[in-house]
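Work through the exercises below with the model open. Each task is followed by a solution in steps.

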Amino acid sequence: MAKKNVHNKKDLTVITTHINADFDALASMLAAQKLYPGALVVFPGSQEKNLRNFFIKSMVYLFNMADIKDIDFSSLKRLVLVDTRQASRIGKLSSLLDRPDIDIHIYDHHPPMSNDIKGHYEVHHLTGATVTILTEILIEKGIDISPDEATIMCLGIYEDTGSFTFPSTTERDFTAAAFLLSKGANLNVVSNLTSREISPEQVGLLNDMIQAATRYNINGVEIVITTVSTDNYVSDFAFLVHKMVKMENLDAIFAIARMGDKMYLVARSRIPEVDVGAIVTPLGGGGHTFAAAASIKGKTLAQIEHELEEILYSKIRSRSLAKDLMSSPAIKVEADVSCKDAGNFLTRYNINALLVTERHNGKENLLGFITRQVIEKAMFHGLDHIPVKEYMTTELASVEPDAELLEIQEKIIENKQRVLPVIDNGIITGVITRTDLLNSLVRQSRHTDAPLPDPAKEPGHARTRNILKFMKERLSRRIVDILKAIGEKADEIGYDAYVVGGSVRDLFLYRTNEDIDIVIEGDGIAFAKEFVKTVDARIHSYEKFGTAVIIFPDGFKIDVASARMEYYKFPAALPTVEMSSIKLDLFRRDFTVNTLAIQLNPHRFGLLIDFFAAQKDIKGKTIRVLHNLSFVEDPTRVFRAIRFEQRFGFTIGKLTSGLIENAVKMDFFKRLSGRRVFAELRQILEEENPTVAIIRLNEYGLLNVIHPSIILTKELIALFNSVKKVLSWHDLLFLEETYMKWAVYFLALTRHCDKETIDEICMPIELAPRYRTIFCKERFEADRCLVWMEKNQSVKNSTLYQRLSVFKIELILYMMAATKHEKVKRSISNYFTRLRHIDTSIKGKDLKKMGLEPGPVYREILQAVLDAKLNGQIKTRSDELVFVKDYVQ
């Protein structure tokens, strides 16, 4: 380390770099020291601790280092800046920039910016590393360097070029590195420092970064933003960002980290459309086109992320193509369809224009398009029966999938064309509407808070991220292998395959769910038939709905469906189904949390697709519908909303709650069949704790939908809680026999109903005869038995057996929950766990061997033996034989 008296010498030269110095900065300071003999090397900040420790311990003799606190800056005559031109990045040394007596020399490779420091002498070139520029000067001046110096300088080039893999790498970097190798640079040292192992703490932070990554499609460019927080400073954050880029194969990433009370932003780009240096600069940082960073003060993570999004929308150059903007599939009609039917199409799909096609020799030909205004005028004049081909517009332009935004804009605006077909090799692959174009232009010019487009007809952009690693952690190896096989087969026959619905949702809720639902963009049944040819499985298909079930030998099932859209002919009707795309298939679903999809095709296997902010609602624990008419179209969704709310511990969103209240007020449920209502109620009663869901149904006035006589009282809540305790007790017995959980709760729900009322309830829900017997007949017998038991609490086991053995398990459990007498509960428990399993060892053949003539007396004798055994009078087979002899005598 330099002595203090050296720091006070006249005509002092100080070499410095930016705060958070990297190896390129350090290597550049070393090279600059060769150009300015006697100069002091000074760090402007304190975050370089790890790098300084390395040099202090191993190569301190190479540097004429000084502590900033020990320097007498009054004698400073020259300030040499390397690897930066930003005043905000040199810490306290920035105060020296206003002194006219100091010469400022700058060596830098970052792109010029408006707020750059102006030096008296500047050397600037767009190379991969600043030390490359300084190495060239050393070569030009013939200044010799040692092998250790060459090693450090080579390290700077390797780190800042990503070992020559970053897009910013130039030919000059290779040439400089070659020269340094010729001077004895040790690549083993370089390799050890650039490919260092990461600590457990860094692994945890990297995992958090990957899990928190959100993908944005901005002007046709995919951007990843990730935000993480940690109470302690974690070193090498930029290195972790670089590692994530390689692991996830990202084009552009912005990583924001809160470490303690400080905020850091690191950005990397591998594409020319995203200049991270220009994007990070407004946030107080800097860098070049492909790598940049910033330390930000006085702002929260949310504020930084919001400002970053604003900058991204203003800075990223668009590369939108027709295939990025189009809605698919295109909604079209045949030329001979009447204007009235075409009008129904427009209303059904909520669009304003239809393509008109005609089939000829098996090929679909595009003839023109017709708008809502034309059809409405035709119908006003009584021409609703006339084919659309008579009034369609036949002069229309089209584009190919790779058409750029300018071509799209010209064809829509100049031709005054409401809808622009996208055609690929003669096949209509989609359409671009004027609204699509307007949205794209608005996003390109500025980022606004404009209303969201209608997802049923606008293309929109999904948030995507790869979750393959997460899938492997959460799913069994068998499931992952099956999903891969499905994706490979779909790819082979030209389809896109996705796993959707509850199993994807439950991945993020950390709940086990192996009910796998597959959606195929294409013919789901045809796919299933092809798939079972490659695996040991069979299928059941349902042509009407385009669905199939793949059944494996062990009974494991996978549901396969064609991507479809549904429309409802009137409120509460069953849906009419048509083929569609994955987005429209997801849009038909009940709630946002159920709209996640994971693509299975090999080239995108594990890609999570989120069109409707499902991840946000899962994180916020909120149940929301996808559109305001959801409960009008299908009122049974109300029951599912309550079921999911209670199952997951979520809350029904404010708007969704208001829509439920509106559905109840408008009485849309009267159109529902009793069977559909009961199917939803049954699923609620199958939940782990139906009590809270029943309370919610009551809050919304929905118990009245089941039957007006069902009123929530304190007694009913207490009975439901008692049922839960009894069922928990039963389940802990781990018996192999099954029972109907929902039936026990339904018995409790209707306990107050008389026979006439329960008949009224059971009639419209179309229960199977065996269920009706339980609820409409046997329940009353069980209630009478319970009354008798409460009056006769001390009875023999044989009597208890005789009374209870006639009832099914569900009725026994119901009785145990319904009684308020502990002694009766114990009696029923005694019967259920012990008495009902007792049987006689001797049978009729034993009585015959004893010389007894067959007849009704056999039943009497065996019943007497069983009663004696139940009452503890006999235990063994020998006891039974002796008992029979005594009984006969």
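Angles under 35 degrees count as roughly parallel, over 145 as roughly antiparallel, 65 to 115 as roughly perpendicular and the rest as oblique. This is a predicted model, in which local features need pLDDT of at least 70 and side-chain atom pairs count only at pLDDT 80 or more, while totals for chains, interfaces and linings use all residues. Residues are numbered from 1 along each chain as its sequence is written, and side-chain values use heavy atoms, with hydrogens and water left out.

**Exercise 1.** Determine how H5 and H6 are oriented to each other, and list the residues that meet.

Step 1. Helices (H or I, at least four residues) and strands (E, at least two) are DSSP runs, numbered from the N terminus. Axes are lines fitted to C-alpha atoms, for helices over the stretch in contact, and angles run from 0 to 180 degrees between N-to-C directions.

Step 2. Helix H5 covers residues 147-160 and helix H6 residues 171-182; their axes cross at roughly 160° and come within 9 Å. H5 and H6 are therefore roughly antiparallel to each other.

Step 3. H5 and H6 form a left-handed crossing (the near helix is turned anticlockwise from the far one by less than a right angle; clockwise would be right-handed).

Step 4. From H5, Ala150, Met153, Cys154 and Ile157 meet Asp173, Ala176, Ala177 and Leu180 of H6 (contact means heavy atoms within 4.5 Å). By class, this contact has 7 nonpolar, no polar and 1 charged residues. Ala, Val, Leu, Ile, Met, Phe, Trp, Tyr, Cys and Pro count as nonpolar, Asp, Glu, Lys and Arg as charged, and the others, Gly among them, as polar.

**Exercise 2.** Which residues make the contact between H29 and H35?

Step 1. Helix H29 (residues 714-731) and helix H35 (residues 822-833) have axes 13 Å apart and an angle of about 30°. H29 and H35 are therefore roughly parallel to each other.

Step 2. H29 passes H35 in a right-handed crossing. Ser722, Trp729 and His730 of H29 make the contact with Lys825, Ser829, Phe832 and Thr833 of H35. These residues divide into 2 nonpolar, 4 polar and 1 charged.
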